[in-house]
Amino acid sequence: MARPDLLLICALLHDIGKGWPGDHSTSGAVVARDIGARLGLPEDDVRVLETVVRHHLLLPETATRRDIDDPVTVQTVTSAVSGVPGREREVVDLLAALAVADGGATGPAAWGAWKAGLVAELARRATAALSGGTPPPAPALGADHLALARHDGAAVRVTGSRITIAAPDRPGLLWRAAGVLALHRLAVKTARVISSPSASPAQTAVLDFTAVPEYGTPPDPAGLEADLRRMLAGRLDVAERLERRARSVRIRPGVTVPPPRVMIVDDASRTATVVEVRAHDRPGLLWRVGQALGSCGLQVRAAQVDTLGAEAVDVFYVVDEQGRPLDDPDALAAVRTRVLKTLR
């Protein structure tokens, strides 16, 4: 770090707003600003300290709840750090280092290789944007994806936590595949439909998932592929098996389950409607929400999944049948109502 002294002070004060009214990051930024001034820090350093405390959750929350390939996601970060002219990249470095320390101190449930990778990549892209670099192109099919897509029916490739599926394209393919992954006790973290170029096989979709085992080792790819083929052929009742699993989950006595919340996030993307769902985590949650979105005539283009204790935060990037975001208030209200009904 260029300024380890500032990083140490930011780490000491980042949660100092807890216990004050309102958002602890906002109230903590005011306290940190006053403390920085009383410590005798230069005015620019005080502004850096205030900005870092105010936005100390920016990188992990944005990286895990927004599509990192959407240009608006990086713009969200660069706009947040623009309050300290000339030191924006330093602020991003401080935020990235603080995210590592904060997540690691919280525990393995709050920090792991998946989240660390996303935060590091978002910080890298934000730094590149602040330096005038061009954003990376949208994900496209590479040679390995094209080779997988040539398989007849459904094909699966498992490489660590990354699962790639090539299958005949059909409405709702992403959330149906997510349901099969849930049956194999895989917790989906990210999901994406990679657009097929004209040279790829017609009507073939390639899905890219990041998924980790709920416990133990990853499942056998052959078993995954077999179940995917059965699902595509209509010979696997994913809904019934997921319901059976959900019924077997017991909520501990005395544990309060908060009601689900569904929000339409404005200005999170220019090319899709962003739907954020917060609900008690349970097997196949992504499947259920995806099914509700599909019943509204929407296609899930990408999804980000995060878990805060027993609460899941699922974010869906959806488009209509013409590939456009929704802009009709009545249609958006109907989507929210349908998803809430599914979760209750």
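# A walk through a predicted protein chain

Residues are numbered from 1 along each chain as its sequence is written, and side-chain values use heavy atoms, with hydrogens and water left out.

Leu 181 sits in helix H9, which covers residues 173-183; helices (H or I, at least four residues) and strands (E, at least two) are DSSP runs, numbered from the N terminus. What does Leu 181 touch, not counting residues up to four places away in sequence? The list is Ile 163, Leu 186, Val 188, Phe 209 and Leu 224, where contact means heavy atoms within 4.5 Å. Arg 261 is 80 residues from Leu 181 along the chain, and the C-alpha atoms of the two are separated by 24 Å.

The loop between H9 and strand E3 (186-194) holds Arg 185. With a relative accessibility of 35%, Arg 185 counts as partly exposed. Arg 185 is not a glycine, yet its phi is positive, at about 60°. Most residues other than glycine have a negative phi. Asp 267 is another non-glycine residue with a positive phi, here about 65°. Its place is the loop between strand E5 (261-265) and strand E6 (273-280), and its relative accessible area of 72% makes Asp 267 exposed.

Glu 214 lies in the loop between strand E4 (204-213) and helix H10 (221-232). Is Glu 214 buried, partly exposed or exposed? Its relative accessible area is 39%, so Glu 214 is partly exposed. Ala 182 is 32 residues away from Glu 214 in sequence, and their C-alpha atoms are 9.2 Å apart in space.

Strand E8 (residues 311-319) contains Val 318, which counts as buried because its relative accessibility is 0%. Leaving aside neighbours within four places in sequence, Val 318 is in contact with Ala 272, Thr 273, Val 275, Leu 293, Leu 298, Gln 299, Val 300 and Arg 301. One of these, Gln 299, is 19 residues from Val 318 in sequence, with a C-alpha to C-alpha distance of 5.4 Å.

Ser 27 is in helix H2 (residues 24-38) and counts as buried at 13% relative accessibility. Apart from residues up to four places away in sequence, Ser 27 touches Gly 17, Trp 20 and Pro 21. Glu 43 is found in helix H3 (residues 43-54) and is exposed, because its relative accessible area is 61%. Between Glu 43 and Arg 33 there are 9.6 Å from C-alpha to C-alpha, and the two are ten residues apart in sequence.

Now consider the chain as a whole. Its secondary structure comes to 13 helices and eight strands. Of its 344 residues, 46% are buried. Among contacts with a separation of 6 or more, 70% are between residues 24 or more positions apart. The C-alpha trace spans about 70 × 55 × 45 Å along its principal axes. What radius of gyration would a compact globule with 344 residues have? The value would be near 20 Å, and the protein chain has 22 Å, which agrees; the radius is taken over C-alpha atoms, and the globule rule is 2.2 Å times the number of residues to the power 0.38.

The protein chain exposes about 16,900 Å², of which carbon and sulfur atoms supply 54%; accessible areas come from the Shrake-Rupley method with a 1.4 Å probe, and for residues only the protein chains shown count as cover. The chain has 41 positive and 40 negative side chains, with the centres of the two sets 6 Å apart. Lys and Arg count as positive and Asp and Glu as negative, while His and the chain ends are not counted; the place of a charge is taken as NZ of Lys, CZ of Arg, CG of Asp or CD of Glu.

Last comes confidence. The mean pLDDT (the predictor's confidence in each residue, from 0 to 100) of the protein chain is 87, and 91% of its residues reach 70 or more. Over residues 196-201 the pLDDT is below 50, and this stretch has seven contacts in the model beyond near neighbours in sequence.

Technical notes:
Buried means under 20% relative accessible area, exposed over 50%, partly exposed in between (1.4 Å probe, protein chains only).
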